[in-house]
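This briefing is meant to be read alongside the sequence and the coordinates.

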Amino acid sequence: MSALPVVLAVDLGGTAMKGAVVAEDGATVSESTRATPADGILTALVGMLDDLRRAATEDGHDVVGAGVATPGMLDEQRGLVHYASNLGWRDVPLLDILRSELSLPVAVGHDVRAAGLAERNSGAARGYGDFALVPIGTGVAAALVSSGGAVTGATGAAGEFGHIPVIPGGEPCTCGQRGCLEVYMSGAGVARRYRAAGGEALSTRRIVERLGRDPLADRIWSEALDVLAQGLNILTLLLDPGLVVLGGGVSHAGDALFGPLGERMSAGLAWRERPPVVRSALGGDAGRAGAALLAFDAAR
């Protein structure tokens, strides 16, 4: 019996590295999650890939490639990470380093765009050539797909949805701008604004649980929904997506999010219908699944 071809896939984040050995049908053969170290991230990443490869080989699998999804401003053709603030990276030739260390076909992709690729392949956006994936976690980003192709931008920085300045002269953002979307609607933003308005130090999940019983929670969440609806309507008018997929921790808010968000979007669009807005089917595994798809493409 021939060995099963597999790839190594890692979703590299600022706090965790989520790795897996993945078969061509998308099945996870094995997986591993490790904390991202403050220093020596490249060494830790290569070490994780080596360990995944060793385990796959010992189990009789044929490792044919590797894929890494990384945050930051990325030149995907060259695999060069121009800037990744949460990794402390500037001009890191990630693709060249991994090819040299692994002696395998390697692919490097942007983490959110890789997640969008996975959602289109086997998730909520399957069958859509025009859609947006918007993960709302600590911050906010977007993977934009138009006419079947990913929108990357001139510098690889397309998709900074969280930094659309939706409130002129609004509250300051850590990026240096004012009124950015993620200041108002993000896991960190909702919690910060609730606390700044006199509330307890609670997570966004706990704040959502208080809706209907806590007037301050109601106000902060309503303002967050207003801002998100405005941002998504701007995106709708610019790109005309057939679908919007929401991911990240905030997407777990369920009925408190999707119903009122849809109403606000419809109210803000005078002459066209809004696109359907649905929750991610792959959740936190989307980036890793996208890295595996990129790895198989590189292996071919």
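This is a predicted model: local features need pLDDT of at least 70, side-chain atom pairs count only at pLDDT 80 or more; totals for chains, interfaces and linings use all residues.

## Salt bridges

Asp297 is partly exposed, with a relative accessible area of 48%.

- Asp297 pairs with Arg300 in a salt bridge whose closest N and O atoms are 2.9 Å apart, and Arg300 is exposed, with a relative accessible area of 64%.
- Glu200 is itself partly exposed, its relative accessible area being 45%.
- Within helix α6, Arg206 and Glu209 are three residues apart, and therefore separated by about one helical turn; they form a salt bridge in which the closest N and O atoms are 3.7 Å apart.
- Arg206, at 37% relative accessibility, is partly exposed, and Glu209 is likewise partly exposed, with a relative accessible area of 42%.

## Nonpolar cores

- The largest nonpolar core has 39 residues, of which Val134, Phe161, Met185, Trp221, Leu257 and Leu261 touch the most other members.
- Two or more residues of this core come from each of β9 (131–135), α4 (181–184), α5 (187–196), α6 (204–209), α7 (215–239), β12 (243–247) and α8 (255–268), with α7 giving the largest share, 11 residues.
- Another core lies apart from the largest one and has 29 residues, among them Leu45, Met48, Val92 and Val108.
- Val134, leaving aside its neighbours within four places in sequence, is in contact with Val140, Ala141, Ala142, Phe161, Leu232, Val244, Val245, Leu246 and Gly247.

## Helix α8

- Helix α8 has 14 residues and reaches 20 Å from its first C-alpha to its last, close to the 20 Å expected at 1.5 Å a residue.
- Leu257, Pro260, Leu261, Gly262 and Met265 are the buried residues of α8, and they pack against α7, β12 and β13 (277–279).

- Glu119, in helix α3 (residues 111–122), is buried yet has no salt bridge, and the nearest side chain of opposite charge, that of Arg279, is 8.9 Å away.
- The side chain of Glu119 instead reaches the backbone nitrogen of Ala124 at 2.8 Å.
- Not counting residues up to four places away in sequence, Glu119 touches Ala124, Ala125, Arg126, Leu133, Val245, Ser280, Ala281, Leu282, Gly283 and Ala286.
- Ser186 is placed in the loop between α4 and α5, and Ser186 counts as buried because its relative accessibility is 1%, where the cut-off for buried is under 20%.
- A polar atom of the Ser186 side chain lies 3.4 Å from the backbone oxygen of Thr138.
- Beyond neighbours within four places in sequence, Ser186 is in contact with Ile136, Gly137, Thr138, Gly139, Val140, Thr204 and Val250.
- Ser186 and Pro165 are 21 residues apart in sequence, and their C-alpha atoms are 14 Å apart in space.

Definitions and conventions:
Residues are numbered from 1 along each chain as its sequence is written. Side-chain values use heavy atoms; hydrogens and water are left out. Helices (H or I, at least four residues) and strands (E, at least two) are DSSP runs, numbered from the N terminus. Buried means under 20% relative accessible area, exposed over 50%, partly exposed in between (1.4 Å probe, protein chains only). Lys and Arg count as positive and Asp and Glu as negative; His and the chain ends are not counted. A salt bridge is a side-chain nitrogen of Lys or Arg within 4 Å of a carboxyl oxygen of Asp or Glu. A polar contact is a pair of N or O atoms within 3.5 Å; within protein, one must be able to donate a hydrogen and the other to accept it, and residues adjacent in sequence count only if both atoms are side-chain atoms. Contact means heavy atoms within 4.5 Å. A nonpolar core is a set of buried Ala, Val, Leu, Ile, Met, Phe, Trp, Tyr and Cys residues joined through side-chain atoms within 4.5 Å. The expected span of a helix is 1.5 Å times one less than its number of residues.
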